[in-house]
Amino acid sequence: MDHKEFRVKAKEMVDYIADYLENIRDHRVYPSVQPGYLHKRLPNEAPQLPESWDDIFKDVENHIMPGIVHWQSPHMHAYFPALTSYPSIMGEMLSSALNVLCFTWASSPAGTELETIAMNWLGKLLGLPECFLNEKNDSPGGGVIQTTASEATLVSLLAARTRALMELSSLNPDMQSSELLGHLICYCSDQAHSSVEKAGLIGLVRMRYIESDEHQCMRGVKLEEAILNDKDKGLVPFWVCATLGTTGSVAFDNLREIGEVCEKHSTWLHVDAAYAGSAFICPEYRHWLDGVDMADSFAFNPSKWLMVNFDCTAMWVKDSTALHRTFNVNPIYLRHENSGKAIDYMVGTQDANTRNKIDITEKINDDTILENYNDKCDSSVTNSDEGYPLSEDFYDGSDEEANLHGYNAIASGCQSKIQLENPDKNEPLHWQIPLSRRFRALKLWFVLRNYGVVGLQKHIREGVRLAQKFEALVLADQRFDIPQQRNLGMVAFRLKGDNTLTERLLKRLNGRGHIHAVPACFKGVYVIRFTVTSQRTTNQDILDDWSEIKTVASEILMETFG
Ligand code: PLP
């Protein structure tokens with residue numbers, strides 16, 4: 001494709017996109033294809049000779065579109081929203097064309113600086129405390145765009161782990177990092193997203209799941225009980241993840257209570273607000289943020305509800321040096337003459353050899369990781385043998401004993417290096433795991449400017465209003481129940497009676513393909529999650545969806561009870 005053809009075909013593509021989005025209701029939201037459908041339709045090898053754009057695009061219509069789930073459809077109620085918008089698409093177009101990799105300031109100054117500016121704007125929009133912003137050059141706090149909430153959680157856990165290991169190693173200079181690692185323990189609620197469990201798995205640390213209350217919220221009392229219990233066993237609590245807007249029921253952990261416990265026990269507090277974070281641009285929802293001043297890191301996905309294309313997770317930290325300590329590498333090819341004067345989202349610049357460093361080398365064996373995982377997934381751990389107390393009376397320091405406990409990282413296999421150090425105050429910081437990073441700030445900046453605060457607030461409020469409308473329809477029908485309180489744009493509902501009725505209802509609804517939803521289970525109670533996703537959803541869409549649900553429910557009840 002040359003530039004002449006690109007001008008023509010790209011304009012056609014823009015029309016195609018606009019037609020697609022404006023006529024999205026013409027598509028059945030869930031496709032009717034079966035696994036492997038595309039393999040049967042496309043050749044096994046890439047073409048030897050160039051193919052015309054028209055031929056390629058014909059295949060999009062004939063073969064790709066039939067296998068698409070239409071996430072932008074007003075009838076898409078599964079998961080959480082993954083919205084796009086025209087200004088965001090424009091941001092993606094331009095950033096695709098520029099294709100700059102914004103890992104250092106020098107690799108694309110505008111990319112780096114726009115990210116800092118947009119993240120400050122967004123942080124203020126949410127009402128985050130000033131300590132999370134990066135408005136002054138020497139401010140330790142700041143925002144960074146990560147790919148996903150899962151990655152933000154992992155980054156936070158690793159940073160907290162490094163901080164805890166530093167403290168432990170200064171108190172126990174004779175102990176190896178693998179021994180110290182075995183003492184660490186972190187916490188989240190039993191309603192936290194699976195990505196939190198995954199972060200613990202990757203971080204090789206034990207995770208304890210705190211039983212949520214009757215509203216699916218984690219409370220300070222239960223958390224503190226668990227922390228005190230674990231301390232008694234010689235474990236070292238170091239990280240807590242609070243969820244604002246759980247995946248199952250959009251429940252909110254009690255941030256103030258949890259923050260107070262974290263401050264008291266000096267643990268890092270991470271806030272995962274993947275979906276609900278967008279709502280905090282409306283002041284009326286910020287009461288759930290009470291206590292956020294006690295958090296160390298906070299993340300949400302503008303790529304969910306705020307109409308910024310995936311991928312875009314906004315993450316703020318109070319002390320970015322904690323990230324730097326964790327991700328410190330400094331190869332010569334990434335240094336530049338302005339190093340230290342601006343943010344480098346990926347790399348540091350000070351000569352690594354000049355630092356006062358504690359190098360800890362670990363060899364990690366796959367079996368040990370598995371053993372570790374199985375062990376830490378057990379939330380009912382009560383035996384003090386499960387952890388090793390720092391006292392050598394309890395732990396003899398041998399690899400054999402460490403392996404027994406499932407937390408030793410010493411064995412043959414791959415080698416990872418944890419470098420614990422105290423960074424220089426003026427040194428640039430590391431903010432993420434990958435080196436390369438897309439110019440994601442562009443789409444965020446376009447959306448913030450093109451909608452304005454008022455436009456974005458209107459969008460969030462309309463989503464909530466439509467969810468309230470759906471909730472009222474469900475509650476007016478005696479056959480249905482809403483076992484958990486609705487929060488924001490999600491209603492979790494069920495047919496009264498045995499779980500199997502609701503399971504059959506959901507299966508049949510998804511099979512018909514007019515609406516798409518997924519289930520959740522609250523302490524054994526099976527529900528259908530109905531999330532209002534699209535900014536195109538109207539009152540009529542909600543009425544149509546409810547009518548579809550009622551029709552299928554009547555069929556099922558008739559088949560079951562006659
Ligand atoms: N945290 C919560 C509360 C979520 O609901 C989700 C996904 O919906 C995630 C984390 C994972 O988000 P991501 O796909 O951005 O990793």
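## Briefing on the predicted model

The unreviewed UniProt entry carries the annotation "modified residue: N6-(pyridoxal phosphate)lysine", which covers Lys304; UniProt positions are given in the numbering used here, feature names are shortened, and annotations may be inferred rather than shown by experiment. Residues are numbered from 1 along each chain as its sequence is written. The model is predicted: local features need pLDDT of at least 70, side-chain atom pairs count only at pLDDT 80 or more, and totals for chains, interfaces and linings use all residues.

**The chain as a whole**

- The chain contains 17 helices and 13 strands; helices (H or I, at least four residues) and strands (E, at least two) are DSSP runs, numbered from the N terminus.
- Of the chain's 562 residues, 44% count as buried. A residue is buried if 20 or more other C-beta atoms lie within 10 Å of its own, exposed if 12 or fewer, and partly exposed in between, with C-beta atoms placed from the backbone.
- Among contacts in the chain with a separation of 6 or more, 76% come from residues 24 or more positions apart. Two residues are in contact if their C-beta atoms, placed from the backbone, lie within 7 Å.

- Lysine 304 is placed in helix H11 (residues 302-305).
- Lysine 304 counts as buried because it has 25 C-beta neighbours inside 10 Å.
- Leaving aside residues up to four places away in sequence, lysine 304 touches Phe80, Pro81, Ala82, Ala274, Tyr275 and Ser278.
- Around the ligand there are 14 residues, of which Thr148, Ala149, Ser150, His193 and Ala274 come nearest; a residue is near a molecule if its C-beta atom, placed from the backbone, lies within 6 Å of it.
- This shell has four nonpolar, nine polar and one charged residues. Ala, Val, Leu, Ile, Met, Phe, Trp, Tyr, Cys and Pro count as nonpolar, Asp, Glu, Lys and Arg as charged, and the others, Gly among them, as polar.

**The seven-stranded sheet**

- Seven strands form an open sheet with mixed pairing, in the order E1-E7-E6-E5-E4-E2-E3. Two strands pair if DSSP finds at least two bridges between them.
- Strand E1 (142-146) and strand E3 (206-210) stand at the edges with a single partner strand each, so one side of each has no neighbour in the sheet.
- On average, neighbouring strands of this sheet are turned by 20° against each other, direction ignored. Axes are lines fitted to C-alpha atoms, for helices over the stretch in contact, and angles run from 0 to 180 degrees between N-to-C directions.
- E5 and strand E6 (residues 297-300) run parallel and are joined by three bridges; aspartate 272 has alanine 299 in E6 as its bridge partner.
- Helix H5 (residues 109-126) packs on the sheet, touching E1 and strand E7 (313-317), and its direction makes about 105° with that of E1.
- Helix H6 (residues 149-171) also packs on the sheet, where it touches E1, strand E2 (184-189), E4, E5, E6 and E7; the direction of H6 makes about 160° with that of E4.

- E2 pairs with E4 in the parallel sense over five bridges, and isoleucine 185 stands opposite proline 237 in E4.
- E2 also pairs with E3 in the parallel sense over five bridges, with isoleucine 210 in E3 as the bridge partner of serine 189.

**Helix H10**

- The buried residues of helix H10 (residues 255-264) include Leu255, Glu257 and Ile258.
- Their cover includes helix H9 (220-232), strand E4 (236-243) and strand E5 (268-272).

**The four-stranded sheet**

- Four strands form an open sheet with antiparallel pairing, in the order E10-E11-E13-E12.
- Strand E10 (480-481) and strand E12 (518-522) each have a single partner strand at the edges, so one side of each is left without a neighbour in the sheet.
- Strand E11 (residues 490-495) and strand E13 (residues 525-531) pair in the antiparallel sense over four bridges, and phenylalanine 493 stands opposite isoleucine 528 in E13.
- Helix H16 (residues 499-512) lies across E11, E12 and E13 and runs at about 35° to E13.
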